[in-house]
Amino acid sequence: MSAFANLRRPATIAVAIAASLGIAACGGRERPEADLAAAQVTTIGVNSYLWRAALDAVSFAPLLQVDSNGGVIVTDWYANPSNPGERVKMTVTILDSDLRADALRVAASRQVNQSGTWVDAPVQAATVQRLEDIILTKARELRREAVS
């Protein structure tokens, strides 16, 4: 039996060496370089350019909830110091990992102070559209800067 054990040991070493050489050969190939400006460049769950642009666009308001994996930014109520009788709250949702206009959704709520009570008021569609445009323009600028 000890003769069999003596033969088994060199066979085991030979198999281990062959496996090590096979694994080492796998790492020799170069991986293709990623395009840094690609819309998919992200370590978060959504497009990183849209995410950074959205955070920048709503940075004037206090943040209530930020979820980079789900792509949601919710601000708390913000009252412009020059108009303290009105306040707004915004929700920005990034829906995709591509830098596209339909990958972004902005919703806003507005309230006005009437006799000490905050009452809901309509938000003009142009206001929401303008914020979306600001975010998209900034995201495109960030992408352009990454290419340069």
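Guide: Two strands pair if DSSP finds at least two bridges between them, and the helices (H or I, at least four residues) and strands (E, at least two) are themselves DSSP runs numbered from the N terminus. This is a predicted model, in which local features need pLDDT of at least 70 and side-chain atom pairs need 80 or more, whereas totals for chains, interfaces and linings use all residues. Residues are numbered from 1 along each chain as its sequence is written, and side-chain values use heavy atoms, without hydrogens or water.

Visitor: How many bridges join β3 to β4?

Guide: On one side of β3, the antiparallel pairing with β2 runs over three bridges, and here I73 has V92 in β3 as its bridge partner. On the other pairing, M90 stands opposite A108 in β4, while R87 has Q111 in β4 as its bridge partner. Strand β3 (residues 86-94) and strand β4 (residues 104-114) run antiparallel, and the number of bridges joining them is nine.

Visitor: Which elements do the buried residues of α2 pack against?

Guide: Buried here means under 20% relative accessible area, with exposed over 50% and partly exposed in between (1.4 Å probe, protein chains only). Helix α2 (residues 48-57) is mostly covered, since seven of its 10 residues are buried, namely S48, Y49, L50, W51, A53, A54 and A57. Packing is judged by contact, that is, heavy atoms within 4.5 Å, and the buried residues of this helix pack against β1, β2 (72-75), β3 and α3.

Visitor: What share of the chain's contacts with a separation of 6 or more comes from residues 24 or more positions apart?

Guide: Over the chain as a whole, buried residues make up 24% of the 148 residues. Among the contacts with a separation of 6 or more, residues 24 or more positions apart account for 44%.

Visitor: What is the angle between the planes of the aromatic pair F60 and Y78?

Guide: Rings of Phe, Tyr and Trp (its six-membered ring) pair if their centres lie within 6.5 Å, with planes under 30 degrees apart counted as stacked, over 60 as edge-to-face and the rest as tilted. By this rule there is one aromatic pair. F60 and Y78 form it in the edge-to-face arrangement, 5.0 Å centre to centre, and the angle between the planes is 75°.

Visitor: How far apart in sequence are the parts that this pair ties together?

Guide: F60 counts as partly exposed because its relative accessibility is 41%, and Y78 also counts as partly exposed because its value is 23%. F60 lies in the loop between α2 and β1, whereas Y78 lies in the loop between β2 and β3, so the pair ties together parts whose separation in sequence is 18 residues.
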